[in-house]
Amino acid sequence: MGSLRRIAAVAGNTFLEAVRQKVFAVLLVFGLVLIFGANYFTEFSFQEQFKFLKDLGYAAISLTGLLVGLLGAAQLIPGEIERRTILTALCRPLRRWEFIAGKYVGLAFLLAVMVGVMAVAVAGVLGWKEAQLIAREGSDPAVAAAIRAEARDPRLIQAVLLVEVKLAVVAAVAVFFSTVATSTTFVMAMTLMVYLIGHLESVAREQWLESGEVVSWMTKAFLAGVAFLVPDFNLYNLIDEIVAGNVVLWRSTLEVIGYSVVYIAVLLTAAWVIFEGRDI
Amino acid sequence: MSCAVRTEGLRKEFPMGWFRGRVLALEGLDMEVQRGEVFGLLGPNGSGKSTAMKMILGLLRPTSGRAEVCGYRAGTIAARRQIGFLPENPYFPNFLSGAELVRYYGRLSGMGGALLEKRILELLELVRLGGEAGKRPLRTYSKGMLQRAGLAGAMVGDPEILMLDEPTAGVDPAGSREIRDLILELRGRGKTVIFSSHLLEQVEDVADRVIILHRGQKLREGRLEELLTRKKEWEVNVQGLKEEDRKELRGWLEKRGAQVMREGAPRERLEDYFLRSLPEEKRR
């Protein structure tokens, strides 16, 4: 109970700090403008319009979430060390793992709120487009039903969940690097690097393994090492499938969520082990 | 009853980086602070004062030696419950107000509910940040107000010991006096206060005992009375002595072989004593 209260205090403070900083509000506005702006591209068929809205909406959520995650990560532990505010926190009866957990929960909650707000905005834009299209083209009940099916696609909830867990993994990577780093720039650069490698690793693996060449044990060991250390961000490409209108099983979605939870747990445990022995 | 803080052979070396060796910050510090004492850690910059404090708090791991707080191993949760800490030049989360800062630190100490809210009001009054001042963001505070807000935060868990690292650094004389008065008030409440300072006059005003550190080594330790009193001399404070009686008294003393060194208060200023304690090259 005591631990929960202390974790909640650190998480609440992390979230409050972000909310009271203008940069996060500006990023949120940027994401919302992108989402609402998409509604003005109307030169396509209604199926294409909805696909475009969903594509741009989820791209805006992912990009804004990534920027928020990186900026938020930079402020986690190195930011507190640079500002020396960490001294007045860790001298309390607060365990270091509670501090790490609180920082992570605060950042993950911030990302969840931002994704939630932008997802509601995407739903709003889709609803707005639905009303416009039905007013213009919905005299035929079959067309009206098709428009409604496109606008109110329940699979979009799967997409929101996947964006959410993808950003939660990015936040865990950032927390991990923030326990070893001494500068905010290092944390942002390393997190971004892992994000990019995570997107490229499966492509590289397929290229090498399917090229027909005999792969040396060193290459295999290297690929296995990268696959073990870096989360495979291509798994979240299910979002693209959903946005494209393809069926993605809930089971697949839950498998990706499970994979993410395991990675988050491993990263946070490693962060705790490193941070436990660190001089402040 | 165990003492408030005890260290035995406390030593800290910091690595300088790959192939660059290590730097010694504190060398085998033995120290005992009794409960209810106001204890001063003195020394120039880099003497090891902050390092010693951080090891007692568990923020730094000793290279060797040990530290105890009220009988608990330093750095454990039980030990940290006993200490409130105000670091040197603290930078608090400036997006919080004074009251929010104390609430945050209270929650980190495991407090909550009506008890915490009552404690926040009490402490803000104690450090003279009650009313509207406590609701203002910390970024609008003066240095003195920040230090007082920090003190309130340090005291929120009602710790037995308060550890203040240079509490008056950068604070104007009036603010310094306020902090000095607060330390005296805390002593009156039976708290143990350990503080470091380079403002020696203030140390002299409030400390019961001091340790003087230099380059990580303990140079002197003792009660201020013992350290600053010239034991071969004798001082009598008299009121209402007439000029002719004074001259007669002096003659009487000299007739009996006593040498009158000077008349007046014989006590040396701490600053002079401190400088005299330092090695020759550091005095210049």
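Me: Which residue takes a positive phi in the hairpin of strand 4 and strand 5 of chain B?
Reply: That is B:Cys70, with a phi near 50°. The hairpin has two residues between its strands. Keep in mind that this is a predicted model.

Me: How do those two strands pair, and over how many bridges?
Reply: Strand 4 of chain B and strand 5 (residues 72-73) of chain B pair in the antiparallel sense. There are two bridges.

Me: Which residue is the bridge partner of B:Glu68 in strand 5 of chain B?
Reply: B:Arg73.

Me: And what stands opposite B:Glu68 from strand 1?
Reply: B:Arg6 stands opposite B:Glu68. Strand 1 covers residues 5-15 of chain B, and strand 4 covers residues 64-69. These two strands are antiparallel, with five bridges.

Me: What holds strands together in a sheet, in general?
Reply: Strands of a sheet pair through backbone hydrogen bonds, in a parallel or antiparallel way.

Me: What is the strand order in the chain B sheet?
Reply: The order is 2-1-4-5. Four strands make up this open sheet, and the pairing is antiparallel.

Me: Which strands sit at the edges?
Reply: Strand 2 (22-33) and strand 5 of chain B. Each of them pairs on one side only.

Me: Which helix lies across that sheet's strands?
Reply: Helix 1 (residues 49-57) of chain B lies across strand 1, strand 2 and strand 4 of chain B. Helix 1 of chain B runs at about 115° to strand 1 of chain B.

Me: Switching topic. How many residues does each chain give to the contact?
Reply: Chain B gives 23 residues and chain A gives 22.

Me: Which elements of chain B supply two or more?
Reply: Helix 2 (77-81), strand 6 (83-86) and helix 3 (98-108) of chain B. The largest share, four residues, comes from helix 3 of chain B.

Me: What classes of residue are on that side?
Reply: The side of chain B that touches chain A has 15 nonpolar, four polar and four charged residues.

Me: Now chain A. How do helix 3 and helix 6 of chain A cross?
Reply: Helix 3 (residues 46-74) of chain A and helix 6 (residues 96-137) of chain A cross at roughly 165°. Their axes come within 10 Å. The two helices are therefore roughly antiparallel to each other. The crossing is right-handed. Their contact has 18 nonpolar, six polar and two charged residues.

Me: What about helix 3 and helix 8 of chain A, what angle there?
Reply: Helix 3 of chain A packs on helix 8 (residues 155-180) of chain A at about 20°. Their axes are 9 Å apart. That makes helix 3 of chain A roughly parallel to helix 8 of chain A. This crossing is right-handed.

Me: Which residues make that contact?
Reply: From helix 3 of chain A, they include A:Tyr58, A:Gly65 and A:Gly69. From helix 8 of chain A, they include A:Val163, A:Leu167 and A:Ser178. By class, there are eleven nonpolar, four polar and no charged residues.

Key
Residues are numbered from 1 along each chain as its sequence is written. Chains are lettered from A and ligands numbered from 1 in the order in which they are written. This is a predicted model: local features need pLDDT of at least 70, side-chain atom pairs count only at pLDDT 80 or more; totals for chains, interfaces and linings use all residues. Two strands pair if DSSP finds at least two bridges between them. Two residues are in contact if their C-beta atoms, placed from the backbone, lie within 7 Å. Ala, Val, Leu, Ile, Met, Phe, Trp, Tyr, Cys and Pro count as nonpolar, Asp, Glu, Lys and Arg as charged, and the others, Gly among them, as polar. Axes are lines fitted to C-alpha atoms, for helices over the stretch in contact, and angles run from 0 to 180 degrees between N-to-C directions. Angles under 35 degrees count as roughly parallel, over 145 as roughly antiparallel, 65 to 115 as roughly perpendicular and the rest as oblique. A crossing is left-handed if the near helix is turned anticlockwise from the far one by less than a right angle, and right-handed if clockwise.
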